[in-house]
Amino acid sequence: MNIGLDEASQQIEPSSLVPLVSCSKVILVGDDVQLRPTVKQTALVLDFDVSLTECILRCTTGSGATDRGRAVFIDCEAREALRQASKENKGQADLCVHICKLLTTSVPPLTNHGAAHSIVVLKPYSRQVELLNRMLSRIPQSIEVSSVDGFQRREADVVVFVTVRCNEHRNIGFLTDMRRMNVALTRARTTLIVVGNRATLTEGTAGRKARRCGSGC
């Protein structure tokens, strides 16, 4: 009997091992550079959040990701709001709205087999999600705004990723989490647009609270 395990990188290793007992071939489907399975703190000490997929790939080699489309980086020097637990950047939000207006009013319009391209705006901070939801509500075409963690396992034709962070200390917080960034940068089918501050991102450091932040930051 052959079986396939979808989102295998999101399963703890024992969960993936169970089907191997009763099948002759198993196909593991998933991205090993996405977020690991969620486990309790005590389990983290024993690396219980490492999936079977990740374990296998540590010992083998494979082909790299294919080029899925266009990627654009737009530099924005607007500073983030200070002294807030969840970060917000009004300047980057304004630029994001401008980009979305261009995407929805382009001539000829962006279409996918006769239908409008799906557009999603991804944010790493919940406060920025709330801000963009209000600002984008005035655009006729439906544009989804989501946290990075909340959009895992999904895709959209066009993704606008607003990084938010821009400060003189070059603190980028949990944007240093490569798994979370992999999710943000691989959700677009045709076009990825990243809005951020080049200096902050290229010279960035994690900061003291970065590792404790989750999708609600």
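Reply: Ser-15 counts as partly exposed, because its relative accessibility is 35% (buried is under 20% relative accessible area, exposed over 50%, partly exposed in between, with a 1.4 Å probe and protein chains only). Ser-15 sits in helix α1, residues 13-17 (helices are DSSP runs of H or I with at least four residues, strands are runs of E with at least two, both numbered from the N terminus). Its C-alpha is 8.8 Å from that of Leu-52, 37 residues away in sequence.

The model is predicted: local features need pLDDT of at least 70, side-chain atom pairs count only at pLDDT 80 or more, and totals for chains, interfaces and linings use all residues. Residues are numbered from 1 along each chain as its sequence is written, and side-chain values use heavy atoms, without hydrogens or water.

Seven helices and nine strands make up the secondary structure. Of the 217 residues, 40% count as buried.

Glu-80 is one of the buried charged residues, because its relative accessible area is 6%. It lies in the loop between β3 (70-75) and α4 (90-104). The Glu-80 side chain makes a polar contact of 3.0 Å with the side chain of Arg-165 (a pair of N or O atoms within 3.5 Å; within protein, one must be able to donate a hydrogen and the other to accept it, and residues adjacent in sequence count only if both atoms are side-chain atoms). A polar atom of the Glu-80 side chain also lies 2.7 Å from the backbone nitrogen of Cys-166. Beyond four places in sequence, the contacts of Glu-80 include Lys-87, Val-164 and Asn-167 (contact means heavy atoms within 4.5 Å).

Lys-123, in strand β6 (119-123), is buried yet has no salt bridge (a side-chain nitrogen of Lys or Arg within 4 Å of a carboxyl oxygen of Asp or Glu). The nearest side chain of opposite charge, Asp-94, is 9.9 Å away (Lys and Arg count as positive, Asp and Glu as negative; His and the chain ends are not counted). Among the residues Lys-123 touches are Cys-96, Leu-132, Val-145 and Val-162.

Now the salt bridges, of which the whole structure has 12. Arg-36 pairs with Glu-54, with closest N and O atoms 2.7 Å apart. Arg-36 lies in the loop between β2 (25-28) and α2 (41-44) and Glu-54 in helix α3 (52-59), so the pair ties together parts 18 residues apart in sequence. Arg-36 is partly exposed at 25%, whereas Glu-54 is buried at 8%.

Glu-155 bridges to Arg-189 at 3.5 Å. Glu-155 is in the loop between β7 (144-147) and β8, and Arg-189 in strand β9, 34 residues apart.

Glu-203 bridges to Arg-170 at 3.2 Å. Glu-203 follows α7 (198-202) and Arg-170 is in the loop between β8 and α6 (178-185), so this pair ties parts 33 residues apart in sequence.

What of the interior? The largest nonpolar core has 22 residues (buried Ala, Val, Leu, Ile, Met, Phe, Trp, Tyr and Cys joined through side-chain atoms within 4.5 Å). Helix α4 gives the most to this core, six residues. A second, separate core has 16 residues, including Phe-151 and Met-181.
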